[in-house]
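Student: I've got a new structure open and want to get my bearings. Can you walk me through it?

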Amino acid sequence: MAEKLRSIRGIHDGLPQQVEIWRKIESAARRVFARYAVAEVRLPILEPTELFVRSIGEATDIVSKEMYSFVDQGDAHICLRPEGTAGAVRAYLQAGLTRAGTQRWYYCGPMFRRERPQKGRLRQFQQIGVEWFGAAGPVEDVEVLAMAHDFLVEIGLSELRLELNSLGCPACRPAYRDRLVDYLQQRADHLCATCHERMDKNPMRVLDCKEEQCQQQLQDAPEMVAHLCQGCAGHFAAVRCGLDALAIRYQVNPRIVRGLDYYNRTAFEIVTDQLGAQGTVLAGGRYDGLVQELGGPATPAIGFAAGLERLAMLLDAPSPTSPDIAVVALGDVVMDWSLQQAAALRSRGISVIHCGGGSAKRQFKIADRELVRYTLIIGEDEMAQGKVTLRNMSTGEQQLLSPDEIVLPA
RNA sequence: GUGGAUGUAGCUCAAUGGUAGAGCCCCGGUUUGUGGUACCGGUGGUUGUGGGUUCGAGUCCCAUCAUCCACCCCA
């Protein structure tokens, strides 16, 4: 290799130890989601660029500077999906499911954003996402939140913080937004440069600013939860009521702002302080307008996405898996027969490695390094009798057996 | 996109501007029928890359790439 070949910046390999953790998280998700009658969908990784421009919003960072988009050989404008919701809505409409009743979906797969990598942030990362279509009431919000909560408990993360907010709706948000902008403009002199940008692009983001000086100015800034219309206020109250009924702990955080344009009413994040600046491990909310925005009938919907890599960082590495048996073949004449013994054991569901022959010492070293529980020693003596020696690697105990007598304790 | 830190063997790290090293790992040996311990030996490097300064650069300077962390933004 003249030049060292590396994976693309911010795009990492999933090596066995890492994948082991991912699989644990995914299987927990599958178990829990099944209990809520949620079905898996597998959606394209490539989508028309237009889909995200129309759904996420052209002005958002994701669309304006973080998408991997390109023109293919047929002059089509396509991109690697930066998130999962838009594609799910597209699929829902394309399949003609708008009159098929509530659809409860989940998916699991890679997303792509061309950001500067840091802790908990990659250019290719995986999300486990959930989308419920045709779910209008606060009860569904509660159930989605309960499911997210159950999922995290299932993987052993019960101490995470659920933060809840309401973003209002087209009836009440514009008026609130004007009120907020007024407030901010009065104090514009004391706000940081990025907050000035946020005032134009997304004023609610100012509430989130990390600058202490800005936060001081925001002490009594108007909050959406205090300016909800009657419908939104009732919805929000019912969501809180349902969470209380299920004894799911949460705190209202009026400063939660969803990044993507399509959210309304319920918005939530599940956060940890163990992950540095990227503490959000799962986030979502209601997006009642999106289906219509993409050309379908008015369809209420709610969903969330969890970052697989971020969740994995909170879990302990699993102990390495090891084979049950290592086959040690002593002498070339026994090689074929030893291969047959290994094959026979595997056909019984036992995991076996073959140490490949050579000196006994070499083969036992291999067996030792693989952390096997037993070695199966096959030499000319054994083969002549049609038997094998089974050695317990932790006790050193050995016994001569015929191959089909081998029974491993569970 | 902006800022900071860091790049030397597979890994963890040494080396005042003067011959690139150690430990661990790996491979082999100490009875080609017995592992974890011990001893012996061995493989392995264009010092991230490209320039510059110098008699001489791992070391100083510039650029570039990558990793990590933070901003921005977000899962």
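Tutor: Grid points are joined across faces, edges and corners, and a volume is the space filled by probe spheres set on the points. This is a predicted model, where local features need pLDDT of at least 70 and side-chain atom pairs count only at pLDDT 80 or more, while totals for chains, interfaces and linings use all residues. Residues are numbered from 1 along each chain as its sequence is written, chains are lettered from A and ligands numbered from 1 in the order in which they are written, and side-chain values use heavy atoms, with hydrogens and water left out.

Student: OK, how many cavities of 30 Å³ or more are there?

Tutor: The count is one. The largest cavity holds about 50 Å³ of space.

Student: Which residues line the largest cavity?

Tutor: Its lining is made of L43, P44, E47, F52, R81, E83, G84, G87, Y107 and M111. By type, that lining splits into five nonpolar, two polar and three charged residues. Here Ala, Val, Leu, Ile, Met, Phe, Trp, Tyr, Cys and Pro count as nonpolar, Asp, Glu, Lys and Arg as charged, and the others, Gly among them, as polar.

Student: And pockets? What's the volume of the second largest pocket?

Tutor: The second largest pocket comes to about 340 Å³. It is lined by 15 residues, and S158, L160, R161, L162 and R249 are the closest to its centre. α5 (138-154) and β7 (161-166) are the elements that give two or more residues to that lining. Helices (H or I, at least four residues) and strands (E, at least two) are DSSP runs, numbered from the N terminus.

Student: Which element gives the most to that lining?

Tutor: That's α5, with three residues. The lining of the second largest pocket divides into nine nonpolar, three polar and three charged residues.

Student: Switching topic: how is chain A divided into domains?

Tutor: Domain 1 takes in 16-166 + 247-313, and domain 2 is 325-405. Those bounds come from an automatic or database domain assignment. The C-alpha centres of domain 1 and domain 2 are 49 Å apart.

Student: I'm looking at α9 now. How far does it reach?

Tutor: Helix α9 (residues 230-245) has 16 residues and reaches 22 Å from first C-alpha to last, close to the 22 Å expected at 1.5 Å a residue. The expected span is 1.5 Å times one less than the number of residues.

Student: Which residues of α9 are buried?

Tutor: C232, H235, F236, V239, G242 and L243 are. They sit on the same side of α9 because they cover an arc of only 125 degrees around the axis. That arc is taken over the directions from the helix axis to the C-beta atoms. On the other side of α9, Q230, C241 and A245 are exposed. Buried means under 20% relative accessible area, exposed over 50%, and partly exposed in between (1.4 Å probe, protein chains only).

Student: What about α13, which residues are buried there?

Tutor: In helix α13 (residues 360-369), Q363, I366 and A367 are buried. They cover an arc of only 100 degrees around the axis, so they lie on the same side of α13. K361, K365, D368 and R369 are exposed on the other side of α13.

Student: Is L371 buried or exposed?

Tutor: L371 is exposed, at 53% relative accessible area.

Student: Last one: where is W132?

Tutor: W132 is in strand β6 (residues 124-133), and W132 is buried at 3% relative accessibility.

Notes. On a 1 Å grid over the protein atoms alone, a cavity is a set of points where a 1.4 Å probe fits but cannot get out, and a pocket is an open set with protein on both sides within 12 Å along at least five of seven lines; lining residues have an atom within 4 Å of a point.
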